[in-house]
Every structure is written in structure tokens, then in C-alpha cells.
Amino acid sequence: MLEKKYTEKTFTLEILYHIGDYENSIHFVFDHASKTCAIVDPAWEADLFIQRINDKGYKLTDIWLTHWHYDHTNAVDEIVEKTGAKITAGINEISYLQIEHEVQKVNNNDMLHLGKTSIKVINTPGHTKGGVCYLLDRHLIAGDTLFVYGAGNCSLPGANVVEFYHSMQKLKQINDDVMLHCGHDYGSKIETTMGKQKQGNAWLVIDTQDDFVKFVNDMSQGLITYPTDPLNKTEIQAML
Ligand SMILES: [Fe+2]
């Protein structure tokens with residue numbers, strides 16, 4: 001199993017890649033001081049995740065969801081039943097969630113706290129109605145809002161291409177040195193920064209709403225090939 005680990009001052013971020021039928025990336029935040037853990041978008045392998053956290057001597061207290069899609073949430077109820085962890089999701093995503101347990105709602109710029117680690121919520125609708133990203137120091141956990149040189153589609157209920165465009169403009173404000181962590185490993189590489197994505201990710205490079213809408217719609221109709229490598233403005237214009 002492919003995994004990566006980033007150790008910061010107050011927390012360690014661990015990522016398991018290629019989990020389950022849709023090859024999801026599962027993110028764990030371990031707060032050093034409190035020995036508590038939050039897991040982002042747990043799906044497919046509840047027992048594996050719980051065991052992993054217990055083996056490190058940490059307690060799973062929180063489940064943070066980026067969005068409602070089944071491949072990001074199908075282990076949530078089982079994990080809550082086994083650990084009592086608290087679920088958090090974006091306020092506009094609640095009505096879409098197919099989860100039995102109670103969910104704490106968060107909104108744009110809300111701060112979450114896991115021990116001594118602080119996490120900022122950023123509303124990034126578009127792929128879904130109420131999707132959010134979680135920003136920790138120099139790490140952005142983006143779910144399916146951004147992939148490495150790509151992004152999620154706008155095809156399922158609640159999706160909206162214009163809202164997605166505005167979310168991208170918001171994500172461009174994030175510092176260049178912040179590492180991007182995605183819900184799936186669909187690009188040509190796994191490790192990237194927001195700086196690199198701002199230069200070569202078509203969803204961020206396109207800077208007008210009309211071009212963005214055309215790009216996303218053309219892609220969903222199969223008129224544009226989904227990119228896995230960087231594209232510059234000239235290359236993108238040639239595709240439109
Ligand atoms: Fe998704």
C-alpha cells in the first residue's frame with residue numbers, strides 16, 4: 001500500500017493511497033499533544049483505519065468530510081459505531097449526506113481544533129453543493145475539488161460549474177508553498193504544491209468564467225481529454 005507522511009510542529013499528516021474500488025486517498029491528522037486523530041473522508045476500509053490509529057496509541061475523535069459522494073463516506077457509519085467519532089461536514093452538504101449519524105455543520109472560515117492543531121474550513125462548492133476543503137498550516141486537503149493538474153467533475157446532483165469557477169478563484173489565494181492533497185491520485189505525480197497547480201492546473205489557470213464553463217462542459221462531453229500533466233494558457237486556449 002502506498003503511503004506518505006508529513007510531520008509538522010503540532011501534527012502529523014499521514015495519507016494512504018489507492019484505497020477501495022475508486023482508489024481513494026485517505027488522510028489522517030494525528031495531533032501530537034492530545035494523541036487524538038481525525039480522519040478525512042473515510043471509505044472502504046473501516047477496520048484497517050481504526051487499527052492503524054490504535055496501533056499508534058492515538059484515539060480517533062473526528063471524521064471530517066469534504067463532500068457526500070459514496071466513495072468518500074461509505075465507512076463513516078461503521079467507524080462511528082465502533083469509535084464514537086464525531087462527524088463534521090459543510091453546512092450546504094448536509095442534505096446530500098447518506099449517513100445515519102448526526103453531523104456537525106461547518107461553514108466558510110470556521111476553525112476546527114484537534115488538540116493543539118487548528119484547521120480552517122474553506123467552502124469550495126461546485127463538484128458538490130456544499131463541498132469543503134480543510135487547510136492545516138502548509139497542507140490543503142481538497143477532496144475532489146482539485147486533483148494534481150485536474151479536478152473533480154460537475155455531473156452529480158448538487159454540482160454547479162459556475163460555483164466551481166468561483167471556488168477555483170478562492171483557491172488561487174492560498175499560498176504557493178501549501179501542499180495539495182487530493183481525494184484521488186489521478187495525476188502524473190502525487191506530490192505537488194498550490195504554486196505548481198496555479199501554474200499548470202487548467203481549472204486554476206483559466207481566468208474567465210466563460211472559458212471555465214466551456215472547458216468543463218466540453219470535457220464532460222468528451223470533447224477535451226482529461227489532463228494529467230501541466231497545461232499553460234496557450235495550450236488551454238487551443239483546446240477551447
Ligand atoms: Fe467526488
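## A loop residue to start with

Which loop holds Lys 35? In this predicted model, Lys 35 sits in the loop between β3 (24-31) and β4 (36-40). Although Lys 35 isn't a glycine, its phi is positive, at about 55°. Lys 35 has 13 other C-beta atoms within 10 Å, so it counts as partly exposed.

## Another positive phi

Asn 109 isn't a glycine either, and its phi is positive too, at about 70°. Look for Asn 109 in the loop between β7 (103-106) and β8 (111-114). With 9 other C-beta atoms within 10 Å, Asn 109 is exposed, because 12 or fewer is the cut-off for that label.

## The buried side of α3

Now for helix α3, which spans residues 76-83 and has Val 76, Ile 79, Val 80 and Thr 83 as its buried residues. Looking down the axis of α3, you'd see these buried residues fall within an arc of 100°, so they line one face of the helix.

Covering the buried residues of α3 are, among others, α1 (46-55), β5 (59-64), α2 (70-73) and β6 (86-90). Just after α3 comes Gly 84, with a positive phi of about 75°.

## Where α1 meets α3

The axes of α1 and α3 come within 9 Å and cross at roughly 40°. That angle makes α1 oblique to α3, and the crossing is right-handed. On the α1 side, the contact is made by Ala 46, Phe 49 and Ile 50, while α3 brings in Glu 78, Ile 79, Lys 82 and Thr 83. Sorted by class, the contact has 4 nonpolar, 1 polar and 2 charged residues.

Methods. Residues are numbered from 1 along each chain as its sequence is written. This is a predicted model: local features need pLDDT of at least 70, side-chain atom pairs count only at pLDDT 80 or more; totals for chains, interfaces and linings use all residues. A residue is buried if 20 or more other C-beta atoms lie within 10 Å of its own, exposed if 12 or fewer, and partly exposed in between; C-beta atoms are placed from the backbone. Helices (H or I, at least four residues) and strands (E, at least two) are DSSP runs, numbered from the N terminus. The arc is that of the directions from the helix axis to the C-beta atoms. Two residues are in contact if their C-beta atoms, placed from the backbone, lie within 7 Å. Axes are lines fitted to C-alpha atoms, for helices over the stretch in contact, and angles run from 0 to 180 degrees between N-to-C directions. Angles under 35 degrees count as roughly parallel, over 145 as roughly antiparallel, 65 to 115 as roughly perpendicular and the rest as oblique. A crossing is left-handed if the near helix is turned anticlockwise from the far one by less than a right angle, and right-handed if clockwise. Ala, Val, Leu, Ile, Met, Phe, Trp, Tyr, Cys and Pro count as nonpolar, Asp, Glu, Lys and Arg as charged, and the others, Gly among them, as polar.
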